[in-house]
Amino acid sequence: MLLENLPFPQDLRVRREAFALTSAGYRVTVICPSAKGQTSREIVNGVAVYRYPAPPSAHGFLSYLWEYAYSMAASFCLSLVVVFREGFDVVHAHNPPDTFVFIAMFYKLFGKRFVYDHHDLSPEMYVARFHDGGKPLVYRALVLLEKLSCRFADHVIVTNQSYKRVAMERGGVPQERITIVRNGIELSRTMIPVEPDGELRQRGKTIIGYVGVMGVQDGVDYLLRALNYLLRGLGRQDFYCVLVGFGDALEDLKTLAQELALQDHVLFTGPIFGEKLRHILAAADICVDSSPANPYTDRSTIFKIMEYMSLGKPIVAFDLPEHRFSAGGAAVYVTPNDERAFARALAGLMDDPERRLALGTTGSGRIKTQLAWEYSIPNLLSVYSTVLPTAKIPESAAPEAEATGKLKPQEALHAVQAGLELDSVGRPQVMQPDEVLSPTEESTASAV
């Protein structure tokens, strides 16, 4: 597995996929940049990890070119170490960037397979980061790299139906060579009660929670302007918004919060992970995602939505196609990019605890019955049964439950507790449709 965007095991999607494959008996090696304090080589839950020193954070065109050139060279050198030391049959590339295709093309000369795991629409993400749409030449280069990745991939993994359409229409990939492996949270995490952060609860105000990357394209500025209208336009003093995360727009967002005089009503915590993050979100009365409508966010599954629903939190979000599929009836949807409508939706939920409870219960149920990570594992394993149909999985490496396709006893227990129906070999029945439901089909969804 080739990874550049984050270290391992910090990248949750890559971590879940790697652990699922090792549990099924595959031998997995991850090549990635290192985080502070990480060793250059270690074994993490059976996954071999090779790391190279991370490049400095990029902030301009030339620095991005240097970052990707350096990362590709480092990844390729480590792949040579791995191929001679351990060997491998598949290059599994996690984008962004899409430059991993050049490493995959080299190894395809020697009979290796290439799985392209399409996390993000890089061309659309690039355009969303610039008010003027960026440089057309860069956009076309990103589209070309994406097409090359699709062209040379033996199989393409995508995160949702919208990305599948892009792979078919723009990448020219036949439908049978595309598999949807959605992001999700483990069922076990939905079963464990989380104690709310005591300091936040003692504030005696409605707590609004946001977690995620704070880049230019993520729309946190929309949220701050909505909070300003909530405070001054609607006269609400009884709220406190906690924003957890980091990104290249963080300092500008702090400046905007100062300009809007929101310092008594917002808190930027910086990056927080693990259980501490869940304690903060558990203290929230309402969770939000203010990603604005654009060609990137309209097609992308925003993972924070899953995190909110796993904790049974009501959500306010702009009415985007993939938001509606993910959250269903767990969210209040407002007109895209309308900050005042966003503020009015917040005020409405602040005054309606019964509705907040109903929305949160709906979200938690969707995770347990449709969107948990366990529902995606069979799809991931089906990719490898296609790409490596003659792979011999050692008996010792594959526990009996995995070898037979059944859940492990503890996983089965979680499934029963969640009220899931199991199939004939003990797996949860997958009820998640591929198509995004229309507003009329989502009868429990609320629109504002």
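The chain exposes about 19800 Å², of which carbon and sulfur atoms supply 55%, with accessible areas taken from the Shrake-Rupley method with a 1.4 Å probe and, for residues, only the protein chains shown counting as cover. This is a predicted model, in which local features need pLDDT of at least 70 and side-chain atom pairs count only at pLDDT 80 or more, while totals for chains, interfaces and linings use all residues. Residues are numbered from 1 along each chain as its sequence is written, and side-chain values use heavy atoms, with hydrogens and water left out.

**Overall make-up**

- The secondary structure comes to 18 helices and 14 strands, where helices (H or I, at least four residues) and strands (E, at least two) are DSSP runs numbered from the N terminus.
- Of the 448 residues of the chain, 54% count as buried; buried means under 20% relative accessible area, exposed over 50%, and partly exposed in between (1.4 Å probe, protein chains only).
- Among contacts between residues at least 6 apart in sequence, 70% join residues at least 24 apart, contact meaning heavy atoms within 4.5 Å.

- The pairing of β2 with β3 (residues 47-52) is antiparallel over 4 bridges, and arginine 41 has tyrosine 50 in β3 as its bridge partner.

**The buried side of helix α3**

- In helix α3 (residues 100-108), the residues Phe100, Val101, Ile103, Ala104 and Tyr107 are buried.
- These residues cover an arc of only 160° around the axis, which puts them on the same side of α3; the arc is that of the directions from the helix axis to the C-beta atoms.
- The buried residues of α3 pack against α2, β4 (90-94), β5 (113-118) and α5 (136-152).

**Nonpolar cores**

- A nonpolar core is a set of buried Ala, Val, Leu, Ile, Met, Phe, Trp, Tyr and Cys residues joined through side-chain atoms within 4.5 Å, and in the largest one, of 73 residues, Leu224 and Leu227 touch the most other members.
- Leaving aside residues up to four places away in sequence, leucine 227 touches Ile208, Phe239, Cys241, Leu262, Val266 and Leu346.
- A second, separate core of 33 residues includes Met72, Val91, Tyr116 and Leu121.

**Individual residues**

- Serine 326, found in helix α13 (residues 321-327), counts as buried at 2% relative accessibility, and beyond residues up to four places away in sequence serine 326 touches Thr301, Ile305, Met306, Met309, Arg366 and Leu371.
- Threonine 179, in strand β7 (residues 178-180), also counts as buried, at 13% relative accessibility.
- Aspartate 252 lies in helix α10 (residues 250-259) and is exposed, with a relative accessible area of 58%.
- The C-alpha atoms of aspartate 252 and glycine 215, which are 37 residues apart along the chain, are separated by 9.9 Å.

Methods:
Pairing = 2+ DSSP bridges.
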